[in-house]
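Here are some notes for a first look at this model. Please keep the sequence and the structure side by side while reading.

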Amino acid sequence: MKKNPEQNRLNEHYSGKKNWLKWGPYLSERQWGTVREDYSPDGSAWDFFPHDHARSRVYRWGEEGIAGISDEFSNLCFSVALWNGKDPILKERLFGLTGTEGNHGEDVKELYYYLDSTPTHSYMKHLYKYPQAAYPYEELVSANKNRSKNEGEYELMDTGIFNENRYFDVFTEYAKAQNEDILIKITIHNRAEEEASLTVLPTLWFRNLWSFGLMEDKPRLELTDENGAKYVKAIHPTMGEYYFYFDQSLMTLFTENETNAEKILGIPNTHPFVKDAINDAVVNRDFDLFEGKTEGTKCSPIYELRIAGGGNHEIRLRLSKSKIKESPLIGDFERLFAEKQLEADAFYNELCVEDLELKNIQRQAFAGMLWSKQYYNIDVPRWLNGDPGQMPPPPGRKMGRNHDWISLNNEDIISMPDKWEYPWYAAWDLAFHCIPLAMVDPEFAKNQLILFLREWYMRPNGQIPAYEWSFSDVNPPVHAWACLQVYRIEMKNTGIGDVDFLKRTFQKLLINFTWWVNRKDHNNNNVFEGGFLGLDNIGVFDRSSFIPGGGHLEQADGTSWMAMYCLNMLDMALEIAQTDHTYEDVATKFFEHFVYIAESLNRMGEDWTGAWDEAEGFFYDILAKPDGAFIPLKVRSLVGLSSFFATLVLDQERLKNVPDFMQRLKWFRNYRIANNAYLVIEELHEGKDILLSLTPRKRLEKLLHALLDPDEFLSPNGIRSVSKMHEKPYVVNIDGFEYGLQYEPGESTTSLFGGNSNWRGPVWMPMNYLLIQSLLELYKYYGNSETFACPSDCDRLVNLDQIAQDISKNLISIFLPDASGNRPVHGGNNRYREDPYFKDLVLFYEYFHGDTGRGIGASHQTGWTGLVAELIDR
């Protein structure tokens with residue numbers, strides 16, 4: 001990438017010259033209902049801290065807001081609050097359903113969009129659509145609660161509240177004049193034909209640490225009047241002073257970011273200036289309490305606007321470390337904003353494709369990835385024991401959720417899957433996030449991967465924490481794969497390969513690999529159980545819980561993931577060994593381990609000790625019962641296709657530099673030939689590349705036939721997670737009880753894993769991405785010598801590269817307008833097709849309907865769906 005102002009800022013930041021990332025979109029969009037704020041005796045996080053408490057009750061571990069920013073420790077926060085004159089409360093935070101209220105689990109019920117962000121957040125743009133009628137809080141809860149799992153979700157648009165364009169478009173933009181000089185512009189458009197009223201409350205506040213004994217000197221915000229010009233000075237014991245400038249307002253209200261004890265606990269407040277005091281004053285139109293009040297820890301200048309139909313209004317603000325002597329909101333304000341927008345355009349013009357539709361998708365995908373960086377804080381020992389001066393946690397907490405993670409102490413900026421539905425990290429999601437992030441900020445991507453291998457994340461035994469609902473859950477081991485992808489993306493874009501990064505992560509990954517081998521290989525036979533493995537409800541029963549029949553589950557995908565992990569570690573070791581030959585020995589170790597795993601998965605016999613079914617041409621999970629019997633679970637799903645993931649071509653360019661490894665590889669192969677053992681390397685020719693794959697050539701064709709069959713896995717919008725052949729339910733009898741599943745292309749019809757996730761048919765971007773990567777790796781070896789029917793059973797014969805391209809294009813088409821102008825992701829919603837204020841907006845859902853491509857699950861989970869930006873780049 002060429003040097004441009006944004007790239008220069010990145011260079012300045014990572015060279016230590018200037019901290020351009022001290023401020024960013026680090027404010028969560030939901031802190032209520034999270035595990036870290038849960039101090040209930042039974043671990044009911046949604047109920048212990050509900051949405052209705054959020055405006056009145058102080059948070060312990062973070063903050064939240066709409067279109068907000070904060071410093072890197074979330075000490076000083078800014079966000080936008082709104083009131084349409086009809087709602088019972090201010091719109092200070094996004095609303096949604098809890099896990100028990102939604103017919104498909106938790107679900108945010110708002111319309112908001114991340115439109116732009118540079119990697120240093122030198123320019124950011126956010127859009128929130130705020131209805132002019134009273135927000136239908138109760139209607140959304142009751143309608144969804146009364147719907148069955150077989151019905152669709154009742155969405156905000158379904159209420160009719162946006163009819164006749166009776167809403168405001170609220171654009172919030174940020175531009176950094178310097179690393180600690182942030183210009184803020186809030187532009188409100190009335191999209192209706194008639195005039196409408198709106199109260200806007202740009203809000204600045206300090207996170208409350210003083211109530212928890214974490215700081216001695218309480219910070220404060222002070223209103224200052226200099227020659228008629230008013231601004232707020234923010235004074236913090238460790239951050240120092242900041243200056244908050246804003247357009248002339250009707251008034252500026254100050255209160256304290258402290259719990260309204262009377263409302264929450266039923267005990268008298270020590271003073272009336274509590275967290276929700278501003279909310280109550282605006283909604284009740286009673287401001288007498290604030291007369292003469294000019295300081296506090298939370299403040300809002302109040303703008304009461306009447307905006308003509310089709311009109312707009314702009315509010316300017318500025319938050320600066322330095323006092324600005326002349327005209328902080330005029331003069332160079334507009335010039336600086338325009339300059340940062342142009343610099344953002346220049347940065348992405350070099351990075352994105354030229355096609356305007358595809359560029360729009362890429363840029364909003366990158367925006368979503370960058371806006372989803374969030375401050376995350378939890379100190380497990382303190383969380384278990386409680387804070388001084390606060391009510392102690394319930395005694396059962398010492399043996400409850402996450403009690404055995406006493407070494408975990410997180411306080412970092414982390415790439416989140418989604419800042420509302422998933423405002424906590426998910427380790428395997430993050431690995432996929434780092435692929436598109438590496439395209440815009442490879443150092444941040446590398447640092448994220450390193451972070452989760454550090455001792456305050458990784459357990460001493462080598463386990464990587466999954467997510468806060470259960471740090472001990474087991475997700476697929478994709479960390480090593482992500483390290484390699486980030487390494488190669490940076491090398492492709494800069495010409496420099498960061499081998500030190502590979503070395504640094506490799507050492508810790510060795511510990512994690514050992515944890516997997518010791519923990520998940522039940523019989524020491526290189527067949528892995530895995531447990532949860534992230535694919536939630538893909539099995540006929542909960543694979544992370546009790547196994548029917550009292551046996552254990554030998555998972556085809558658990559074994560495939562470990563084979564992939566072996567090859568990733570081998571790949572890393574060979575790459576490092578190009579300049580450090582001490583890594584040749586460990587490369588040999590992972591090669592031999594892979595061979596043993598491949599042998600275990602591919603064994604086939606009458607006792608079902610192998611996962612491969614020759615007659616059906618597929619890999620299946622095997623239920624091993626205590627009496628020695630084996631029951632194959634014949635579900636055709638991503639579980640069987642995951643064998644594709646373990647594919648690696650050992651290229652001669654690298655092999656010629658590792659003679660010791662090559663000598664051992666040849667010896668080991670000859671030894672296995674002499675002992676009539678399973679061979680992974682089917683062909684070995686001097687001076688030629690070597691293919692390592694879980695899927696032998698004769699089985700590859702059978703698996704590809706299923707993969708590319710429209711009546712099985714191939715959909716117009718990617719590869720389905722479960723074969724469409726299971727429209728006829730699959731049922732298996734285990735000890736007199738029947739277990740089964742059916743192809744469900746949309747939302748889940750079961751409550752397994754909360755019911756908000758479905759792996760029984762929909763298209764999932766990360767799994768498709770891994771399949772594409774694997775097909776391209778196979779193409780590196782087979783080239784044009786092997787062709788396959790695509791789709792299956794047709795006359796079109798193409799190579800593996802073209803198959804990968806076809807799947808990529810199907811995935812990208814989810815977000816592209818079709819001939820009628822409809823983007824499949826929006827599910828035929830006419831608003832997005834016809835309304836000029838909607839038609840260019842793109843949402844990046846968690847997963848997609850297996851037949852139509854409609855977005856399902858978390859609606860703002862750019863997270864791993866942001867991989868589409870990299871697919872477009874190809």
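1. Begin with a helix pair. The model is predicted. In it, the axes of helix H12 (residues 479-494) and helix H14 (residues 556-577) come within 8 Å and cross at roughly 40 degrees. H12 and H14 are therefore oblique to each other. Their crossing is left-handed.

2. Which residues make this contact? From H12 come Ala 480, Trp 481, Cys 483, Leu 484, Tyr 487, Arg 488 and Met 491. H14 supplies Met 564, Tyr 565, Asn 568, Met 569, Asp 571, Met 572 and Glu 575.

3. Next, the sheet. It is open and has 6 strands, in the order S1-S2-S3-S10-S16-S14. The pairing is antiparallel. Strand S1 (23-24) and strand S14 (251-255) are the edge strands, and each pairs on one side only.

4. S14 pairs with strand S16 (residues 298-307) over 5 bridges, in the antiparallel sense.

5. Strand S29 (residues 730-734) and strand S30 (residues 737-741) run antiparallel, joined by 5 bridges. Val 732 has Tyr 739 in S30 as its bridge partner. The hairpin leaves 2 residues between S29 and S30. In the turn, Asp 735 has a positive phi of about 55 degrees.

6. Now the cysteines. How many disulfides are there? The count comes to 0. A disulfide needs two cysteine sulfur atoms within 2.5 Å. The closest cysteine sulfur to that of Cys 299 is in Cys 77, 12 Å away, so the two are too far apart for a bond. Cys 352 is in no disulfide either, as its nearest cysteine sulfur, that of Cys 434, is 19 Å away.

7. Are Cys 299 and Cys 352 buried or exposed? Buried means under 20% relative accessible area. Cys 299 has 0% relative accessibility, so Cys 299 counts as buried. Cys 352, with a relative accessible area of 8%, is buried as well.

Technical notes
Residues numbered from 1 in each chain as written. Predicted model: local features only at pLDDT ≥ 70, side-chain atom pairs only at ≥ 80, totals over all residues. Heavy atoms only, no water. Buried < 20%, exposed > 50% of the residue type's maximum accessible area, 1.4 Å probe, protein only. Pairing = 2+ DSSP bridges. Helix = DSSP H or I, 4+ residues; strand = E, 2+ residues; numbered from the N terminus. Axes fitted to C-alpha atoms, helices over the stretch in contact; angles between N-to-C directions. Parallel < 35°, antiparallel > 145°, perpendicular 65-115°, else oblique. Left-handed = near helix turned anticlockwise from the far one by under 90°. Contact = heavy atoms within 4.5 Å.
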